[in-house]
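I opened the model and kept notes as I went. The entries follow in the order of looking.

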Amino acid sequence: MANPERNGLRAVAEPAASRTVLAVGALWLVVALLAARQAAAVLRLPPRRRLADLETWIGENGVLRAGQPLYGDGPGAFTGTPFAGLVLKPFTRAAEQALGVGWTFGTLLLVVATGLVTARLLPGPLSRRAALFAAPVALVLLVVSVPVRNTFTLGQTSVLPVLLVLTAFLPRRSARVSGALIGTAAALQPAVLLFAVLLWAAGRRRAAATAAGTFAACSALAWAASPDDSWTYWLRHAAGAGLGGPPDSAANQSLHGLLLRLGVQGPLEIALFLVLAAAVAVAGLRRAARYAADGQWLLAVALAGCVAVAVSPTAWQHQQLWILLAAVGRVGRRRADRLVWPAVVVLVMTLHRDALVPKIEWIGLIGENAPLLAALAAACAVPFLTRAEPEWLRPRPAPHASPAAAGAGRLPLLRSWPQPLTRPNLLLELLLIRVGYWAYSWVRGQAPDGRWLAEHHGWQILEIEAALRIDVELWFNLLVARTGWLESAMNFSYSAFHFLVPLSLLGFMYLRRPVLYRWGRTSLAFATLLALIGFWMYPLAPPRLMPGLGFVDTAHGPQDLDHPDFGALTGISNQYAAMPSLHVGWSLWCAVVVWRLTPALWPRVLGVLYPVLTTVVIVGTANHYLLDAAGGVVVVAAGFGVRHLLIGRTAEKAGAAGIPEPPDPAGGAGGADAVTGRGADGERAAAERGPGRPRAGARSRNSRGRRAGRGPERPGRAERREPGPERGPVARRPGIGRRAAVRARTDRARSRSVRARPAVGAEGTGRTAGAVRISR
């Protein structure tokens, strides 16, 4: 007869395994789609525009075909090493005949091999689930990264050195094979020779010597084949410095390029670069050797690659793939902090610098040098965990509310999704907010902006409002335009409060009410996403852009509608993204948040008035219709609804079911207060007493006794509160402030002291106050 328990476990495990298989299959499908898109982005171009660098080298007058010097002064100068030129020359005819098709698919195969080898190098032990997801996740990140995309566009060979180095560090590779692979990669990209130093520092000295010998042999072979080109590359250009473009351009993410961008020139720049490069090399390679000794060879390779990026004379975009590999390092002892470093690295290596930081001069310098800063941080500063630390495998979990307390029935849909009770990581939140707003601005700018369709929708809105007798926009806009102080006040309100108030509330909730912060942030994100769908589906010309109706644009001045771009304002954002009005939507979100934050009357009144005044402002400045305001209300209500549908009630309502309450030192066997009868034993005693019967030694709520020599006893604040699920002496419930928690502990201590104080009776006996029968 089958074991019922074993059958039950199998029935639970089979759906989970099938879900894992489906998720892995979906990831591989994403990999295939991204690879096909990348190949199509190259091959759909005309043959002369494909693989820009490769076409320059192998074209009719290319340096690899015409027998010209590799490193001339023209724009088509070769940027690789002489050995790379020697290797590429036999492929020139095949590359030209295939029109880049074979080269593109060959590069794609190199990227796939790099992803598979990267997954093999992940430090163990790995669960079966992690091993299944490792390869497709690595390939997705590689294909969408800037270095790989740049390699496809230019026709470069920078993926090959990375693959050779990673293969050299695979398990069970002999010293001779590892050294030969690294030496060959260094002959293609000289900065890779630093990995020979890593091998030496990690104790693999035979492999390091083989790598140096292979590099010398390949370079000598290229010198014998083309001595003039080798002389020019190694001595005149100092191992490639100055090749490929201006060294002070933002594409050169090395210390040399950073110093040039900062304005340091001449011998001072060279001396400063050499000192900084030596310091970074020593610190970075020592850290890489430390993690190699710990068994984290992939992290060690990534750190040495980051050092190579920083100390090279030039490190172009297609040579920065090493930085992406540093995302494998584990940082943070708390589970909430574990995703910060990988998210930063992936965003830096996949997005444009405008997506990372706003366009402000002093902040823009950070975005311009973000890859270099990430490389320096990984090589010298980020405290990666070692495998000997207990948090490497099991990070400290954050307290969270029980999923069962979040809802009942079929809702929420994500009932197993935990609701953390602590604030999220600040750096990750700021980065995600910035990237999210950049994505919102980009999608809004890409929404349909045809003038005829937008004006047609504008006439539809005006006709609907006329039928409803709410078409008040024109006369109110003219009234505002005639009143100077009112026009100035509305223009200031329209431009100042739209971001200031929501960001201030988010900051306050993050510091004081972290559970509500997660609730408000998620609801606002859903509302904004729904608004983007509205911008795409219903482009709408606002009143100020409707021709011939007499509306006055009080905030931006008159626009030239006869010109296709009707003014410089269209270069900032899509002016036809008017339905729904996010000014009204975000102000309504602020009102709901204020209502949840405080029970005080005046803040709630101001919160309710804020969306009303915002509606008046958007109509008075001719930026929106009244129906746009109604659309803003709809998307914000839908944002709160979607959040509730997916996650359920906030943890403040559900209660901190996931946090164990500390036992009461005065409690009995059941861990409850022996006097008040709370806890398991107290509940059992209450059930035995039956309803309506007071427990022994308890005061009546409707009567107050007099102790000897004292007036009427006033009940403590803790006694006046309704009984609830939490009455521990030191428990702090989520949703109450720090001062309220301290006040609650003080009141409970005072009430216990009153109950435990001996009462002076007629006989002078010392009995506890809880045992005194209080007369009515």
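**Entry 1: cysteines**

How many disulfides does the count come to? I took a disulfide as a pair of cysteine sulfur atoms within 2.5 Å. By this rule I got zero disulfides. Before going on, I noted that this is a predicted model, in which local features need pLDDT of at least 70, side-chain atom pairs count only at pLDDT 80 or more, and totals for chains, interfaces and linings use all residues. I also noted that residues are numbered from 1 along each chain as its sequence is written, and that side-chain values use heavy atoms, with hydrogens and water left out.

I then looked up Cys306. The closest cysteine sulfur to its own is in Cys380, at 9.4 Å, which is too far for a bond. For burial I used relative accessible area: buried is under 20%, exposed over 50%, partly exposed in between (1.4 Å probe, protein chains only). Cys306 is buried, at 1%. Cys590 is buried too, at 2%.

Helices here are DSSP runs (H or I, at least four residues), as strands are (E, at least two), numbered from the N terminus. I fitted axes as lines to C-alpha atoms, for helices over the stretch in contact; angles run from 0 to 180 degrees between N-to-C directions.

The crossing of helix 8 past helix 9 is left-handed. That term applies if the near helix is turned anticlockwise from the far one by less than a right angle; clockwise makes it right-handed.

Next I listed contacts, meaning heavy atoms within 4.5 Å. Helix 8 brings Leu160, Pro161, Leu164, Val165, Thr167 and Ala168. Helix 9 meets them with Ser178, Leu181, Ile182, Thr184, Ala185 and Leu188. By class, the residues of this contact are nine nonpolar, three polar and no charged. I counted Ala, Val, Leu, Ile, Met, Phe, Trp, Tyr, Cys and Pro as nonpolar, Asp, Glu, Lys and Arg as charged, and the others, Gly among them, as polar.

The loop between helix 8 and helix 9 holds Arg172. Its phi is positive, about 60°, although Arg172 is not a glycine. Arg172 is exposed, with a relative accessible area of 77%.

**Entry 2: helix 17 against helix 21**

I turned to helix 17 (residues 340-350) and helix 21 (residues 426-446). They pack at about 30°, with axes 10 Å apart. That makes helix 17 roughly parallel to helix 21. This crossing is left-handed. Val340, Ala343, Val344 and Leu347 of helix 17 meet Leu427, Leu428, Leu431 and Val435 of helix 21. The contact has eight nonpolar, no polar and no charged residues.

**Entry 3: covered helices**

How many residues of helix 7 are buried? Seven of its nine are, so I read off residues 146-154 as mostly covered. Among the buried ones are Val146, Asn150 and Phe152. Gly155 follows helix 7, with a positive phi near 75°.

Helix 20 (residues 370-380) has eight of its 11 residues buried, so it is largely enclosed by the rest of the structure. Those eight include Pro371, Leu372, Leu376 and Ala379.

I also checked His256, in helix 13 (residues 255-261). At 16% relative accessibility, His256 counts as buried. Setting aside neighbours within four places in sequence, I found His256 in contact with Pro247, Glu269, Phe273, Ser312 and Pro313.

**Entry 4: backbone in the loops**

Where is Pro125? Pro125 sits in the loop between helix 5 (101-120) and helix 6 (128-144). The peptide bond joining Gly124 and Pro125 is cis, with omega about 0°.

The bond from Met579 to Pro580 is also cis, omega near 5°. Pro580 lies in the loop between helix 25 (514-537) and helix 26 (582-597).

Last, I looked up Ala622, in the loop between helix 27 (601-620) and helix 28 (626-647). Phi of Ala622 is positive, near 60°, in a residue other than glycine. Is Ala622 buried or exposed? Ala622 is buried, with a relative accessible area of 1%.

Note on methods
Angles under 35 degrees count as roughly parallel, over 145 as roughly antiparallel, 65 to 115 as roughly perpendicular and the rest as oblique.
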